[in-house]
Amino acid sequence: MSVQSPNLEPKGIQGLGKAIKRKEDQRFILGRGSYVDDMVLPNMHYLAIVHSPYAHAKILSIDSSEAMKVPGVKAVITSKELAGANLAWIPTLAGDKQMVLADGKVVYQYQEVAAVIATTRQAAADGAAAVIVDYDPLEALVDPFKATADSAPVVREDLTELKGAHGERLHPNHIWTWKVGDEDGTAAAINSGEVKIKQKMLYQRCHAAPLEPSGVIADMNPGTGRLTLWLTSQAPHAHRTVVSLVTGIPENNIRVVSPDLGGGFGNKVPVYPGYVCAAVASIVLGAPVKWIETRTENLTTGSFARDYHMEAEISATKDGKVTGLKVTTLADHGAFDAAADPSKYPAGLFSICTGSYDFPKAFAQVDAVYTNKAPGGVAYRCSFRVTEASYLIERSMDVLAQELQMDPVELRLKNFVKPEQMPYPSALGWTYDSGDYEATLKKALDKIGYAELRREQAEKRARGEFMGIGVSTFTEIVGAGPSKDFDILGLKMFEGAEIRIHPTGSAIVRTGTKAQGQGHETTWAQIVAEELGLNVERIIVEEGDTDTAPYGLGTYASRSTPTAGAALAMASRRIREKAKKIAAHLMEVGEADVEWKDYKFGVKGVPGKSVTMNDVAFAAYTNFPQGLEPGLETTYYYDPPNLTFPHGAYIAVVDIDKGTGEVKVRRFLAVDDCGTIINPMVVEGQVHGGLTEGFAIAFMQEIPFDEQGNHLATNFTDYLIPTSLESPKWETDHTVSPSPHHPIGAKGVGESPNVGSPAAFVNAVVDALSPLGVKHIDMPVTREKVWKALRAGGVDSF
Amino acid sequence: MEIKLKINGTEHKMDVEPRTLLAHAIRDAGLTGTHIGCDSSSCGVCTVVLDGNSAVKSCTMFAVQAEGHEIMTVEGMAQGGKLHPIQQAFHDQHGLQCGYCTPGMMLASYALLQHNPTPTEDEIRFGLSGNLCRCTGYNNIVKAVQQASAAMQPVGSAADD
């Protein structure tokens, strides 16, 4: 039988810019997704962890004899057993090392002390409850500002040298100092400023808390000698390499599979002790071992985010032109420096803190310290400390506007980096790619009716009511990154894409990234469809299996579209080059006469003569020119020449109940510019979700500790996640400033709303309360804080 | 102990411990669309429908307590190879991203629409407030329930506002 290649009209392609529904939805709405905990392997065992009740204590003894008597319990692992496998400590992403299980002492509450492996999850839990640990409590270091005092308890007695991965340490509890910018020049600019502001602000410790907790099934098969890790991983290849380096198992004998992920938001980037214990247990037992984090484990020990104690100083002329920015930050990193940042940047991309504004001088310093808190410092829906930076500058610009008695919009318009300055070299060393900040802000002002809102506010103020309008015009830095500057544990942050076109014009596409809800199965297919003129429905996207996917560093830091999206476009173009030769052969013309136009190959100057990519795909297997390599597939590794700089203008409108302190978000408009839009529906969905997490951080989410280092947000009744009731309704719009260096001009969007929105919310609340002299309120802006501000301002309840 | 659970119309004989939660029993029966997310009845990803109209967080209930009840999970929503209007609406309105909250969210919506076939937006937001979503910001979930509500009206009837 002779097979015909299917014909395809361009309308069936559904490439860039089309709001097509998601290809991945079907399995989720049928309940047929496959998350790690959904998988059951033959003879699978379960692992439960024993946690420390103390934030800082010596371990006098661990008695597992009662635990071993629990029916079904097979083994109890402590640091001693891990030491036998040289796995008592493992390297962190930040050049430090961390205990897998407590070694001699515990350094944070809920620290992992022992692991119990049993034949059922109930037996494992019963076994963990039966492990008896004798502790001798020590004074806990909780306040980071007391970390470098002479009298401070030393968190890390294992570190004997006052030198670390990032230079000199000033105290046993000090980790590093990081400085960027012109220190003297900035000091001079600030000293001579006509107007100055200085504002302290805390970006509080919070937690990404994806609804699916982390987990693993470690399966060492003695028959094949291969260790398979079914892992909640945002970076499966990086995890495979790390596991190989740390365990000594050859990398070909390790397979990491990251199946469906129930959210990630940065929380599924690190390697957690539970993973290591499960792997060791599987190797020892020769059976699969599953560990699924409880919510309490997730919130107490699974990497925190933020915890930046910041201070901004800005100088400006009397008419509001900024002249200098100085930022001083104390970063609480907990007991191990496990911050997830590229090697060269211990404070991540915090130096984007000049934001959208043309600061002639700037300087930033961050000092990191150890405390008796869990390790972390993941980029929670953010590209490496960019959220902290964005919050700092957007909040500070409002403080400056208040000082100048100037409308915050006017101040921003006066100081924006101008489109004609692009590519713009920032005072702290970045080269912004594109953007028209004024146009984006003006679109937002028009759409929300800013002038009318200000009039309404004036009327309400006259009546003693509290209405606030908050603006945030942020610039992000995402898409890490160029290999000359960006690596994690030495692994350069490029990204791979593989495309295989089947004979009948369908295709499988694989990348080193790993979606957690972002919709890559749809948007990656749209990029390839656009570039190759194939039907989106016939392109399958697969991520997460290190045995099949090309190498890449994974999905976080809004890097998937800037890196893997680019790799896909470049791989497609490479395929098109070869396809052109086949097209010339099919049309019996010279290759030089073939042109790619309207999603097909035509002949220059000969209208009507054309072949589709489907025709070419079929010919690549059935009728290719002699001497040409058969088949139609390729792999492309994309090393970005620069990062991308998405931006946006957000406006929040709030009303405050002066009796209760409740803040009602009446309106919120987000105008985003993420460059070329691949799928407007997906982009809008990402913006909605990110805004809700920004709202959560601004008003609800916090991981507090008491003076003994007790964790005070160990479940969802204390760590507050917004529900449908309190979440605002979101309004969205966009401008498009394509990235000049990205093959399709896209910049990434998943984190913009979480980066840009917290300042808009807080600015709105402070704006509402500014008649009372309020200049700043730290997040989370709870009713209690607002109520106190109202009372302190002399406002009666009614 | 031996129990019988009727899930999506099929009777499952199970040997469970008295402390076994309904969520675990359902998942152990191979129906993994019912998820677990918080262990404290806060997040709602384990929501199932009991006796056709009652949304229950299956981690708040022991498996033994569910004996004699009709349990509906996400796997029981589509009938005859056709998506339930709620499932169709979540897809159409981009009411899901990572998919982890989706089964519970759809079943909470199902129970809501049984009690109130034409809810207002405020009633939808109140009705789903026991179910957390970290991805969508709820706007599109509300739209999905509105679409489903319209689609589930008997033919010829007008939804009364």
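This briefing covers the contact between two chains and several local features of chain A. The model is predicted, and every value below is computed from it. The contact between the chains draws 43 residues from chain B and 41 residues from chain A, while within chain A one open sheet is built from 4 strands in the order 28-27-26-32.

- On the side of chain B that touches chain A, the elements giving two or more residues are helix 2 (85–92), helix 3 (102–115), helix 4 (121–127) and helix 5 (139–151) of chain B.
- By residue class, this side of chain B is made up of 20 nonpolar, 17 polar and 6 charged residues.

- Strand 26 (residues 495–501) and strand 27 (residues 507–511) of chain A pair in the antiparallel sense over 5 bridges, with A:Ile501 standing opposite A:Ala507 of strand 27 of chain A.
- Helix 13 (residues 520–532) of chain A packs on the sheet, where it touches strand 26, strand 27 and strand 28 of chain A, and its direction makes about 125 degrees with that of strand 28 of chain A.

- A:Gln14 lies in the segment before helix 1 (25–29) of chain A, and it counts as buried because 21 other C-beta atoms are within 10 Å, the cut-off being 20 or more.
- Apart from neighbours within four places in sequence, A:Gln14 is in contact with A:Ile20, A:Gln526, A:Ala529 and A:Val536.
- Although A:Gln14 and A:Gly533 are 519 residues apart in sequence, their C-alpha atoms are 9.1 Å apart in space.

**Pairing around strand 2 of chain A**
- Strand 2 (residues 57–63) of chain A runs antiparallel to strand 6 (residues 105–106) of chain A, joined to it by 2 bridges, and A:Lys58 has A:Lys105 in strand 6 of chain A as its bridge partner.
- Strand 2 of chain A is also joined by 6 bridges to strand 8 (residues 132–137) of chain A, again antiparallel, and here A:Ile62 has A:Val133 as its bridge partner.

**Helix 12 of chain A**
- The 13 residues of helix 12 (residues 450–462) of chain A should span 18 Å at 1.5 Å a residue, which agrees with the 19 Å between its end C-alpha atoms.
- A:Gly464, which follows helix 12 of chain A, has a positive phi near 80 degrees.

Terms used. Residues numbered from 1 in each chain as written. Chains lettered and ligands numbered in written order. Predicted model: local features only at pLDDT ≥ 70, side-chain atom pairs only at ≥ 80, totals over all residues. Contact = placed C-beta atoms within 7 Å. Nonpolar A, V, L, I, M, F, W, Y, C, P; charged D, E, K, R; others polar. Expected span 1.5 Å × (residues − 1). Pairing = 2+ DSSP bridges. Axes fitted to C-alpha atoms, helices over the stretch in contact; angles between N-to-C directions. Buried ≥ 20, exposed ≤ 12 C-beta atoms within 10 Å, placed from the backbone.
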